[in-house]
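Please examine the structure shown below together with its sequence. The paragraphs that follow lead through its parts in turn.

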Amino acid sequence: VQYVFSQWSDGTTTTSDSLTPTTSTTSATAEFTTQYLLTVSAGANGTIAATTAPNGFYNSATSQTIVATPNPGYYLTGWTGANSPTDLASATSPTTTVTMNGPETLTANFAPLPGYVVTTVADSNDGACLPSLCSLRDALAAANTNAGGFGAGAITFQSGVTGTITLTSTLPPVNGQTSIYGPGANVITVSGGNSGNVGSIF
């Protein structure tokens, strides 16, 4: 923590102030601002983006932006080291803010992206994406539960799966750090069945 001069009680912002004593003014008070140190670093398999607030001192209660960039094939599992959990707007979002309520020593942590393989064109919704049976809907739902509900995963399609996925309802959105890698429109197509929206991902 450090303290920097803010102003004199009469509003003067220079470090020196002239005071003319009167019957109503007999003293002047120097006012100081509290600053806390922000230190941001990345764990293995990721970096801190240039748009992150530089390491250094910031005024108490100000909000600073922090941005983590995972390496290909990885995702952010979360930020650790906050002075208080409530200082972070989100502990799992790659782009978030930290409120300087104390010294903040933050680390961005990364892990390999979990993979989900779609094995059928059926629009099943059994609540699980298993190696033996996983629909696109199940894969999206599974990926969206990762990273504290922020979403993370790499969704691919099993070789040999072809045809049209006819949806019975709107698909879940692609959240956070989730990516879908399709084999091409000539292999897999998605249809709303003339009765519903495909969703926000197509």
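**A guided reading of the predicted model**

By the criterion of sulfur atoms within 2.5 Å, the count of disulfides in this predicted model comes to one. The partners are Cys-129 and Cys-134, whose sulfur atoms lie 1.9 Å apart. A disulfide is a covalent bond between the sulfur atoms of two cysteines. The torsion about the S-S bond of Cys-129 and Cys-134 is about -100 degrees, and the disulfide is therefore left-handed. Cys-134 has a relative accessible area of 0% and is thus buried.

The nonpolar interior may be considered next. In soluble globular proteins, nonpolar side chains tend to be buried together. The largest nonpolar core of this model holds 15 residues, and those touching the most other members are Leu-38, Ile-66, Trp-79, Val-98 and Leu-106. Two or more residues are contributed to this core by each of strand S2 (30-42), strand S5 (63-70), strand S6 (74-80) and strand S8 (104-112). A second, separate core comprises 14 residues, among them Ala-139, Ala-143, Leu-167 and Leu-171.

Leu-38 illustrates the contacts made by a member of the largest core. When residues up to four places away in sequence are not counted, Leu-38 touches Ala-53, Pro-54, Asn-55, Gly-56, Tyr-58, Gln-64, Val-98, Met-100, Glu-104 and Leu-106. Of these contacts, Val-98 and Leu-106 are also among the residues that touch the most other members of the core.

Attention now turns to a sheet. Three strands form an open sheet in the order S9-S10-S12, with parallel pairing. Strand S9 (115-118) and strand S12 (177-181) each have a single partner strand and stand at the edges, so one side of each has no neighbour in the sheet. On average, neighbouring strands of this sheet are turned by 20 degrees against each other, direction ignored. S9 and strand S10 (residues 152-157) run parallel and are joined by four bridges. Within this pair, Val-118 stands opposite Phe-157 in S10.

Which strands does helix H1 (residues 136-144) lie across? The helix lies across S9, S10 and S12, and runs at about 160 degrees to S10. H1 is mostly covered, as seven of its nine residues are buried. These buried residues are Leu-136, Arg-137, Asp-138, Ala-139, Leu-140, Ala-143 and Asn-144. Their cover includes S9, S10 and S12, together with strand S11 (163-166) and strand S13 (188-191).

Leaving aside neighbours within four places in sequence, Gln-177 is in contact with Pro-70, Tyr-75, Leu-76, Thr-92, Pro-94, Leu-113, Ala-147, Phe-150, Gly-151, Ala-152 and Gly-153.

Because its relative accessibility is 43%, Pro-103 counts as partly exposed. With neighbours within four places in sequence left aside, Pro-103 is in contact with Tyr-36, Leu-37 and Asn-83. Pro-103 and Asn-144 are 41 residues apart in sequence, and their C-alpha atoms are 32 Å apart in space.

Definitions and conventions
Residues are numbered from 1 along each chain as its sequence is written. This is a predicted model: local features need pLDDT of at least 70, side-chain atom pairs count only at pLDDT 80 or more; totals for chains, interfaces and linings use all residues. Side-chain values use heavy atoms; hydrogens and water are left out. Buried means under 20% relative accessible area, exposed over 50%, partly exposed in between (1.4 Å probe, protein chains only). A nonpolar core is a set of buried Ala, Val, Leu, Ile, Met, Phe, Trp, Tyr and Cys residues joined through side-chain atoms within 4.5 Å. Contact means heavy atoms within 4.5 Å. Two strands pair if DSSP finds at least two bridges between them. Axes are lines fitted to C-alpha atoms, for helices over the stretch in contact, and angles run from 0 to 180 degrees between N-to-C directions.
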